[in-house]
Amino acid sequence: MSAGAEPGARFDLLRHGEPVGGRRYRGQRDDPLSETGWLQMWAAVGAAPPWIRIISSPLARCAAFAEALAERFALPLDYEDRFKEIGFGSWEGRTTAELEQEVPAELARFRADPVGGRPPGAEPLAEFIARVDAGWGDCVERCRGESVLIVAHAGTIRALIGRVLALPPAALQRIKVPYAGMARIELDSARGASLALPVGQGRSG
């Protein structure tokens, strides 16, 4: 891990809740949270969040909750553009059922090869991982020794977990990240980064 890693540094990775429109290949389409999504997010963080800073993707399904949480607990909030979800090209906004009906061969290719079988116009997986990694490096440097909440997307969280565990890109799709699910990365100057699972509600510390 970076030389900036210090004992006690901790990053909780919180996926956004359910967006309006439900499950679909949303990518960078900027749908807001549904009412259910808001409830999921508040339940995830609990009544006494332990963080001293919030970093959020700028997309609405992350940013709106991050703003509300920051205001409620008087926490500083930064936006990290590089933590946006991976772009899904022509699949953006489409459901799996729609794709199974309209482009079943494309969907089958993607499921068999999530690296080489990207949707038309989609962001290459290697480029996505590189931009998330660059954002992560900057976060580590400016948040030394802090307890930080990162509000982001399933793909972003998979990329961060993959970095810590040194997973190949093709393995990232095997990581399930539910709505309002949370994982934790702990940093230590001697041991580097480690993944702490499971992580429940934010109030558990």
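Residues are numbered from 1 along each chain as its sequence is written, and side-chain values use heavy atoms, with hydrogens and water left out. Because the model is predicted, local features need pLDDT of at least 70 and side-chain atom pairs count only at pLDDT 80 or more, while totals for chains, interfaces and linings use all residues.

Q: How far does helix H5 reach from its first C-alpha to its last?
A: Helices (H or I, at least four residues) and strands (E, at least two) are DSSP runs, numbered from the N terminus. H5 covers residues 125-142, which is 18 residues. The expected span of a helix is 1.5 Å times one less than its number of residues. For H5 the expected value is 26 Å, and the reach is close to it, at 26 Å.

Q: Which elements are included in what covers the buried residues of H5?
A: Buried means under 20% relative accessible area, exposed over 50%, and partly exposed in between (1.4 Å probe, protein chains only). The buried residues of H5 include Phe128, Trp136 and Cys139. Contact means heavy atoms within 4.5 Å. The cover of these buried residues includes helix H6 (154-165) and the strands E1 (9-15), E2 (53-56), E4 (147-152) and E5 (182-188).

Q: How many of the residues of H6 are buried?
A: H6 has 12 residues and reaches 16 Å, close to the 16 Å expected. Its buried residues pack against E1, H5, E4, E5 and strand E6 (192-196). Among them are Ala154, Arg158 and Ile161. H6 is mostly covered, and the number of its 12 residues that are buried is 10.

Q: Which residues have the most contacts inside the largest nonpolar core?
A: A nonpolar core is a set of buried Ala, Val, Leu, Ile, Met, Phe, Trp, Tyr and Cys residues joined through side-chain atoms within 4.5 Å. In soluble globular proteins, nonpolar side chains tend to be buried together. The largest core here has 34 residues, and those with the most contacts inside it are Phe11, Trp136 and Ile150.

Q: Which elements give two or more residues to this core?
A: Phe11 touches residues including Trp136, Ile150 and Ile185. Of these, Trp136 is one of the buried residues of H5. The elements that give two or more residues to the core are E1, H4, H5, E4, H6 and E5.

Q: What is the volume of the largest pocket?
A: On a 1 Å grid over the protein atoms alone, a cavity is a set of points where a 1.4 Å probe fits but cannot get out, and a pocket is an open set with protein on both sides within 12 Å along at least five of seven lines; lining residues have an atom within 4 Å of a point. Grid points are joined across faces, edges and corners, and a volume is the space filled by probe spheres set on the points. For the largest pocket, the volume is about 790 Å³.

Q: Which element gives the most to the lining of the second largest pocket?
A: This pocket holds about 160 Å³ of space, and 13 residues line it, with Ile161 among those nearest its centre. H6 and E5 each supply at least two residues of the lining. The most, 3 residues, comes from H6.

Q: Is Ile86 buried or exposed?
A: Ile86 is found in the loop between strand E3 (77-79) and helix H3 (96-102). It touches residues including Leu125, Phe128 and Arg131. Because its relative accessible area is 5%, Ile86 is buried.

How values were computed. Lists of a residue's contacts leave out its neighbours within four places in sequence.
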